[in-house]
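This report goes through one protein model part by part.

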Amino acid sequence: MTKKLVVFGLGQRGNIYAAFAKMNPEKFDLVAVIENNPARMELAKTTYPGVRLFANYHDFLAEKIEADIVAVATQDDDHKEHAIAMMEAGYDLLLEKPIANHLADCEAIYETSKKYNRKVVICHVLRYTPFYSTVKRIIDSGKLGEVVTVHASENVGYYHQAHSFVRGPWRNKAASSPMILAKCCHDMDILRYLIGEKCLSVNSYGSLSHFTKENAPKGSTEYCSDCPHTDCIYKAQTLYTSPCSDFFANYFTTKEHTKENILNDLKGTQYDKCVYQTDNDVVDHQVTIMLFENGKTACHTMTAFSKEIYRDLKIHGTKAELVGCVEENWLEIRNFGGEVERIEIDVSAANVGGHMGGDYFMMNSLYKALNGEAAEGVTYLDVSIDSHLMSFAAEESRLNNGETVKIRR
Ligand SMILES: NC(=O)c1ccc[n+]([C@@H]2O[C@H](COP(=O)([O-])OP(=O)(O)OC[C@H]3O[C@@H](n4cnc5c(N)ncnc54)[C@H](O)[C@@H]3O)[C@@H](O)[C@H]2O)c1
């Protein structure tokens with residue numbers, strides 16, 4: 001049965017959910033969009049004709065529109081207000097990660113969901129990717145034996161780090177959230193999901209080591225456009241005109257991505273800033289070790305310093321080990337005393353969104369869950385909040401030189 005969807009915040013993420021409905025009309029019917037940016041409202045009129053548009057959520061609530069789910073895809077700091085208002089009005093939610101930037105706000109959202117008995121699905125899109133879904137099925141089949149320990153790494157990519165976490169919206173902890181939440185809550189969720197137990201305690205180490213004023217090359221200037229170091233690997237003009245960073249240019253230009261438009265619109269913006277001379281303070285590397293129930297352990301490494309953006313995974317079970325690379329969509333089961341099985345993951349079914357199929361398959365699972373069917377990957381806030389508790393605990397540990405922090409719940 002088709003489900004009625006409302007998108008709250010028609011930005012990069014909200015558009016994916018709206019586009020899913022448009023491309024899969026037998027699953028979701030986009031009944032309303034709440035968006036306060038006039039340019040995006042205009043775009044919505046042509047992209048999603050006939051859909052009711054609201055410039056603020058109070059007007060939307062006044063209309064009492066019937067809907068099965070509201071996708072809250074506004075910015076992190078607004079999640080608390082928007083999620084709570086929607087739940088109080090009677091809606092179940094698809095809520096973008098992070099749940100909120102602060103632990104108290106996450107708890108407030110959770111308490112509201114319990115008070116009103118609302119379902120809240122968090123957009124932990126990775127768990128819906130064909131890669132991690134396959135891994136989860138292999139674990140559940142018992143093929144690896146008992147999972148004993150997991151090692152996961154998140155290689156952010158030097159250019160992605162420079163864009164998002166040195167120059168961009170997530171560069172400063174006070175203005176956004178710590179790296180381990182903003183970037184790695186997905187990974188914490190995956191570890192919780194794959195291990196299938198609660199995390200009991202964490203220890204974490206890390207720092208901002210490279211993108212600091214002390215490391216600025218002699219003679220470098222505040223803006224790359226004025227800088228004599230033309231061969232710097234972080235030079236904004238080079239990064240934003242290279243194919244790997246093309247998408248990131250959306251952050252400072254709405255024009256066509258010609259070299260001329262990018263260079264003109266980049267000049268003098270936050271994204272033209274020298275990576276050694278901005279107000280960033282989030283870490284560029286962090287290692288977190290975790291103890292789960294039943295003595296299971298995990299280790300997660302986040303690093304800025306990789307040529308490409310990729311995550312890799314090693315799961316050590318009592319009968320076999322599993323290794324794989326998420327972005328390359330392959331995994332191997334190395335059976336002890338047996339064969340090495342190589343599995344190539346097929347992501348071709350995904351017709352909308354990104355995240356190696358995660359966006360698409362999340363919406364499919366959500367549809368099934370809303371229809372009361374078994375829905376792979378779907379958990380609600382009572383489980384999903386664990387990833388955030390792990391992240392906040394890791395940050396607390398990091399700030400206290402790696403001391404053990406117990407997860408309180
Ligand atoms: N699940 C993931 O993997 C993933 C990936 C990227 C971003 N995110 C998260 O998704 C959320 C949205 O990110 P984005 O990149 O789409 O941001 P965005 O800025 O492109 O989109 C947010 C939209 O909300 C609108 N908006 C803001 N306040 C509003 C209000 N009061 N009323 C109506 N509309 C309002 C903005 O105009 C904008 O169009 C963030 O929380 C972000 O951290 C999640």
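The model is predicted. Residues are counted from 1 along the chain as its sequence is written.

**The ligand site**

The shell around the ligand holds 24 residues, of which Arg13, Glu35, Arg40, Asp76 and Glu96 come nearest. By class, the residues of this shell divide into seven nonpolar, 11 polar and six charged.

| Residue | Ligand atom | Distance |
|---|---|---|
| Asp76 | oxygen | 2.4 Å |
| His79 | oxygen | 3.0 Å |
| Glu96 | nitrogen | 2.9 Å |

How much of the ligand's area does the protein bury? Taken alone, the ligand exposes 850 Å², and the protein buries 84% of that. Two elements give two or more residues to the shell around the ligand: helix H1 (12–23) and helix H4 (79–88).

**The six-stranded sheet**

Six strands form an open sheet with parallel pairing, in the order E3-E2-E1-E4-E5-E6. At its edges are strand E3 (52–54) and strand E6 (120–122), each of which pairs on one side only. From one strand to the next, the twist averages 25°.

Inside this sheet, strand E4 (residues 69–72) and strand E5 (residues 93–95) pair in the parallel sense over three bridges. In one of the bridges, Ala71 has Leu94 of E5 as its partner.

Helix H4, which also gives residues to the ligand shell, packs on the sheet and touches strand E1 (3–8), strand E2 (28–34), E4, E5 and E6. The direction of H4 makes about 170° with that of E5. Helix H12 (residues 358–370) lies across E1, E2, E4, E5 and E6 as well, and runs at about 105° to E2.

**The nine-stranded sheet**

Another open sheet has nine strands in the order E14-E13-E12-E11-E7-E10-E9-E8-E15, and its pairing is mixed. Which strands lie at its edges? They are strand E14 (340–344) and strand E15 (405–406), and each pairs on one side only.

Strand E9 (residues 285–292) and strand E10 (residues 297–303) run antiparallel and are joined by seven bridges. Thr288, for example, has His300 in E10 as its bridge partner.

Helices pack on this sheet too. Helix H13 (residues 381–399) touches strand E8 (199–207), E9 and E15, and its direction makes about 50° with that of E8. Helix H9 (residues 185–195) lies across strand E7 (147–155), E9, E10 and strand E11 (310–317), running at about 160° to E10.

**Backbone details**

Most residues other than glycine have a negative phi, and most peptide bonds are trans. The following cases depart from that pattern.

Lys97 and Pro98 are joined by a cis peptide bond, with omega about -10°. Pro98 is in the loop between E5 and helix H5 (103–116).

Met356 is not a glycine, yet its phi is positive, at about 50°. Where is Met356 placed? Met356 is in the loop between E14 and H12. E14 is an edge strand of the nine-stranded sheet, whereas H12 lies across strands that include E1 and E2.

Asn401 also has a positive phi, near 55°, in a residue other than glycine. Asn401 is found in the loop between H13 and E15. H13 touches E15, and E15 is an edge strand.

Key. This is a predicted model: local features need pLDDT of at least 70, side-chain atom pairs count only at pLDDT 80 or more; totals for chains, interfaces and linings use all residues. Side-chain values use heavy atoms; hydrogens and water are left out. A residue is near a molecule or strand if one of its heavy atoms lies within 4 Å of it. A polar contact is a pair of N or O atoms within 3.5 Å; within protein, one must be able to donate a hydrogen and the other to accept it, and residues adjacent in sequence count only if both atoms are side-chain atoms. Accessible areas come from the Shrake-Rupley method with a 1.4 Å probe; for residues, only the protein chains shown count as cover. Helices (H or I, at least four residues) and strands (E, at least two) are DSSP runs, numbered from the N terminus. Ala, Val, Leu, Ile, Met, Phe, Trp, Tyr, Cys and Pro count as nonpolar, Asp, Glu, Lys and Arg as charged, and the others, Gly among them, as polar. Two strands pair if DSSP finds at least two bridges between them. Contact means heavy atoms within 4.5 Å. Axes are lines fitted to C-alpha atoms, for helices over the stretch in contact, and angles run from 0 to 180 degrees between N-to-C directions.
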